[in-house]
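Hi,

Here is the structure I promised to pass on. Have a look when you get a minute; my notes follow below.

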Amino acid sequence: MDVTDFVMGISGDAGEGVILTGDLITQVAARSNLHISSTQTFPAEIRGGQSYVQIRLGIDSIFNPGDRLDVLVAFNRLAYHRYKPTIASDGILIIDGDPETIDMASTFGDWRGGPIYVIPMGEIAAKDVGVKRAKNMVGLGAVTALLGFAPEHGEELVHRFFAKRGEALVEPNVAGYRAGREYVAKKVTKRDHLTIPKVSGEGYLVLSGNDAIALGALYAGCRFFSGYPITPASEIMQLLAEELPRVGGTMYQAEDEIASIAAAQGASYAGVRAMTATSGPGLSLMSELLGLSGIAEIPMVVVDVQRGGPSTGLPTKTEQSDLLSAMYGGHGEFPRVVMAPISIRDCFQVMRSAFEVAEIYQVPVIVLSEQGLGHRRATLPKALLKQTPIEKVTRPQRSWGPTYNRFEITESGISPRAMPGDPGGTHLITGLEHWDFGGPAHNLENRTEMVQKRFRKLRNLDRRYGGVFAFKGEDATQHLHATTDEEAGRLSAAAESFRGQIGVIGWGATAGVVREAVARAEKRGIDTAAIFPRMIFPHNDLTIRPFIQGHQKIIVVEENFTGQYARVLMHYYDFEPERLNKYDGLPFKPEEVLRKIEEVASHV
Amino acid sequence: MSNAPEAAPTKDDAAAAAPSQPCGRGRDLNQYKGRLKPIWCTGCGIFGVLNALMRSLCELDIDPENLAVVSGIGCSSRLPGFVKCYGYHGAHGRALPTAIGVKLGNPRLTVIAAGGDGDGLSIGIGHFPHAARRNLDLTYILIDNRIYGLTKGQTSPTTVEGYETKTSPTGVIEPPLNPVELAIVYGATFVARGYSAKVKDLQNLIMEAIRHKGFSFVQVISPCVTFGKGSGFDYFGPRIKPMPEDHDAGDRHAALHLVSDTDTLLAGIFYRQDRPEYVARLQARGGARGRELDASDPKIDTESLITRFS
């Protein structure tokens with residue numbers, strides 16, 4: 001077994017502490033200098049149903065949580081039955097049970113993996129520790145011991161986690177963790193070859209996509225957040241509730257999503273970088289006020305962590321079905337920008353571009369994440385937080401003269417923005433069509449001029465922000481990003497250099513899976529490349545046109561039924577792409593994308 | 001120069017042509033006139049509110065550049081354009097959450113939210129209790145004409161039972177809301193009612209409201225002269241009565257008792273309470289510095305973030 005890259009699944013009833021166990025294993029791995037990528041699914045209810053965490057660990061950067069399980073940790077029999085089909089041929093099983101009395105043949109007759117370790121997690125918790133609920137900590141101890149993790153990281157992390165929730169919880173949970181490790185040391189003979197590699201280093205950060213968006217906003221100078229609780233976006237609000245006040249900022253929990261965006265607009269108008277974060281239902285409620293940001297030119301960042309829709313849909317599952325809503329939702333026409341981060345690192349980085357574009361161009365920017373990215377965790381170097389420059393947040397007073405016009409018609413479409421408190425800058429902003437000085441206007445020529453002025457702002461946006469992430473070959477990954485005309489030319493040339501048989505186009509969180517599928521296809525001799533635009537709207541013709549023209553077949557990969565981005569592309573180009581769609585609420589697996597690439601390649 | 005043609009309804013001439021009207025500490029009322037001339041019907045009650053508001057601002061010596069007036073949609077929501085200030089004529093019903101955002105974005109500003117009964121008590125009423133209970137230092141002027149005027153005469157949430165409107169041709173069959181009562185129950189810390197025909201009294205109420213450290217609410221009875229048939233100044237004049245002199249505004253039960261009499265419309269301060277203000281409480285916890293004017297922002301503690309996430 002390749003111990004430099006393996007996949008673990010942890011499953012149990014919701015309420016058995018599966019998610020926590022998974023989180024702690026990812027943190028133990030990160031402190032042991034391993035990279036991880038993890039994903040979790042849980043039922044929409046607080047109790048009942050099955051929870052599941054999948055963690056992929058390795059010594060190199062990992063971009064998705066993988067396919068087949070090399071390790072299955074089952075907290076009960078039901079969990080075992082549910083996830084046994086996903087086991088790799090020599091994968092190991094770690095399951096709660098009594099090794100003395102269990103009938104191995106009848107219980108695991110249909111097991112197709114390798115060694116099985118039956119560990120009395122529940123019994124140890126109940127009898128030795130005296131706290132039944134510490135079963136998951138016994139499991140954590142057993143699993144980390146079996147895989148060869150040093151004991152101290154786990155113990156420290158268990159201690160830290162429970163100390164925050166009450167001193168009384170620390171002792172039994174630490175005892176559970178120790179008991180699990182002890183049991184393995186004394187009673188279990190290791191019968192597999194799966195031992196984690198020893199790697200030196202300073203350890204890694206473990207961030208979820210939602211963490212990364214919140215931290216990215218903080219570093220991008222965001223000092224006001226307003227929001228309303230919604231799965232799967234709430235963690236952004238929760239993290240900012242702690243961190244914003246530490247830097248003089250404000251987290252404001254509003255009474256609904258309309259109030260959330262209204263308050264963020266008010267704060268933005270007053271001169272603070274402001275955002276809100278929500279999921280699909282919230283975006284629907286906000287769409288009227290997105291238009292106000294458009295016509296009144298109020299900078300605004302809205303994060304949509306997409307989930308299965310419509311209506312309440314699949315609130316704890318992933319989907320990419322708000323794209324058209326983000327691009328076109330609302331009434332009337334106004335300039336807006338839609339960006340989609342492709343990875344957890346990019347969740348951090350996209351926020352800088354989002355705030356920059358919102359502020360410079362005075363437009364609403366919608367950032368499309370999704371549950372599969374927001375709740376996925378990955379390791380990132382500590383340098384990300386140590387070395388990323390922090391955007392300045394002060395907006396010094398500026399004086400304006402008697403001829404100041406807030407919506408002055410300019411060549412770029414961008415007008416000078418006075419903020420409340422500025423001497424000489426008083427003006428009116430309104431959602432009505434207006435003169436350049438802000439007063440309502442029904443004049444036909446002015447209307448025409450104003451619409452054109454507002455849309456002029458988007459004119460050269462694709463040159464500056466229209467970078468794509470391109471994947472070709474086993475490791476070749478590059479972010480093509482232009483800030484000058486000269487660079488834009490190079491970018492276009494680079495995209496044209498991607499010529500071949502199969503071209504995959506996707507957006508957002510599927511990038512991590514697609515890049516692996518492309519690399520595997522290359523290994524099998526299929527000439528494949530993929531691109532992921534970071535800014536989806538306005539459309540980025542500069543790189544996408546040559547990519548489409550340079551490939552015999554294009555596959556558009558999306559987690560939705562109707563092929564929203566495929567339709568957008570078909571609107572711009574006269575072609576019929578192959579489509580790979582998934583809408584069961586789970587993210588793609590690399591092998592699903594690989595199968596599609598192989599299938600299409602066999603017909604070219 | 002502006003792109004507005006000379007004949008266009010108006011830029012700076014409103015202020016320039018007016019005769020001087022000294023007020024406050026050496027100020028002139030004209031300093032508070034916005035670039036636009038009001039577009040309300042002749043005789044509209046909102047003129048009285050505008051007048052009282054400008055006089056209040058002048059008396060309180062508030063700089064227009066440190067003033068934000070935020071509104072929603074409706075006849076009265078046009079008000080920010082007629083006051084020299086940072087004016088925000090936003091979305092229907094959303095004046096309060098927007099005003100809260102503006103205040104949090106720059107706590108040094110004087111923030112006034114204004115709008116009508118439809119804007120604030122129908123589409124926007126979900127925001128009213130939350131603005132009231134949070135107690136941010138801002139003033140909400142609800143200009144109540146008991147009708148939808150801008151859309152030409154439909155039933156509003158304060159239209160009285162039996163009153164005939166375009167959408168209630170046989171008379172309104174539901175009882176109206178009582179905004180003063182709601183404000184007290186929702187936890188507003190300053191609650192008053194004024195009448196737009198009594199500008200001096202209204203000015204005093206608005207000045208008290210702006211001075212109050214917390215969420216201040218002023219309902220202004222303001223007749224619609226176009227669609228308010230039978231409920232114009234003639235109707236309200238005799239019904240508006242001064243607050244009894246012995247009313248203790250600190251007594252919540254007494255205030256609720258007084259406001260429950262809907263035949264007599266008492267004008268004055270119903271209720272006031274000292275309660276910690278929201279922004280001050282956030283600032284005591286380190287937050288809500290808003291747009292930093294002194295450039296001394298606290299820095300992100302990268303080391304503690306790294307510890308937290310590793």
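Arg291(B) and Asp422(A) form a salt bridge through their side chains, at 2.9 Å from N to O. In total, four salt bridges are counted between chain A and chain B. Helix α10 (residues 257-269) of chain A contributes the most to the side of chain A that touches chain B, giving eight residues. Bear in mind that this is a predicted model, so please read every value here as computed from it.

Staying with the interface: polar contacts there come to 34 residue pairs between chain A and chain B, both residues being at pLDDT 80 or more. The contact draws on 79 residues of chain A and 62 residues of chain B. About 5600 Å² is buried between chain A and chain B, and carbon and sulfur atoms supply 59% of that area. On the chain A side, the residues that lose the most area to chain B are Tyr252(A), Thr426(A) and Phe437(A), which together make up 12% of what that side buries.

Next, a strand inside chain A. Strand β2 (residues 35-41) has seven of its seven residues buried. What about its two faces? His35(A), Ser37(A), Thr39(A) and Thr41(A) point one way, while Ile36(A), Ser38(A) and Gln40(A) point the other way, and all are buried.

Ser38(A) takes part in both pairings: its bridge partner is Ile55(A) in β3(A) and Arg377(A) in β14(A).

On to a helix. α5 (residues 135-147) of chain A has 13 residues and spans 18 Å from its first C-alpha to its last, close to the 18 Å expected at 1.5 Å a residue. In α5(A), 13 of 13 residues are buried. Just after the helix, Gly148(A) adopts a positive phi of about 90 degrees.

Is Lys457(A) buried or exposed? Its relative accessible area is 2%, under the 20% cut-off, so Lys457(A) counts as buried. Leaving aside residues up to four places away in sequence, Lys457(A) touches Glu297(A), Pro335(A), Tyr361(A), Gln362(A), Val363(A), Ser412(A), Gly413(A) and Ile414(A).

Cheers

Conventions. Residues are numbered from 1 along each chain as its sequence is written. Chains are lettered from A and ligands numbered from 1 in the order in which they are written. This is a predicted model: local features need pLDDT of at least 70, side-chain atom pairs count only at pLDDT 80 or more; totals for chains, interfaces and linings use all residues. Side-chain values use heavy atoms; hydrogens and water are left out. Buried means under 20% relative accessible area, exposed over 50%, partly exposed in between (1.4 Å probe, protein chains only). Contact means heavy atoms within 4.5 Å. Helices (H or I, at least four residues) and strands (E, at least two) are DSSP runs, numbered from the N terminus. Two strands pair if DSSP finds at least two bridges between them. The expected span of a helix is 1.5 Å times one less than its number of residues. Buried area is the accessible area (1.4 Å probe) that two parts lose on being put together, summed over both. A polar contact is a pair of N or O atoms within 3.5 Å; within protein, one must be able to donate a hydrogen and the other to accept it, and residues adjacent in sequence count only if both atoms are side-chain atoms.
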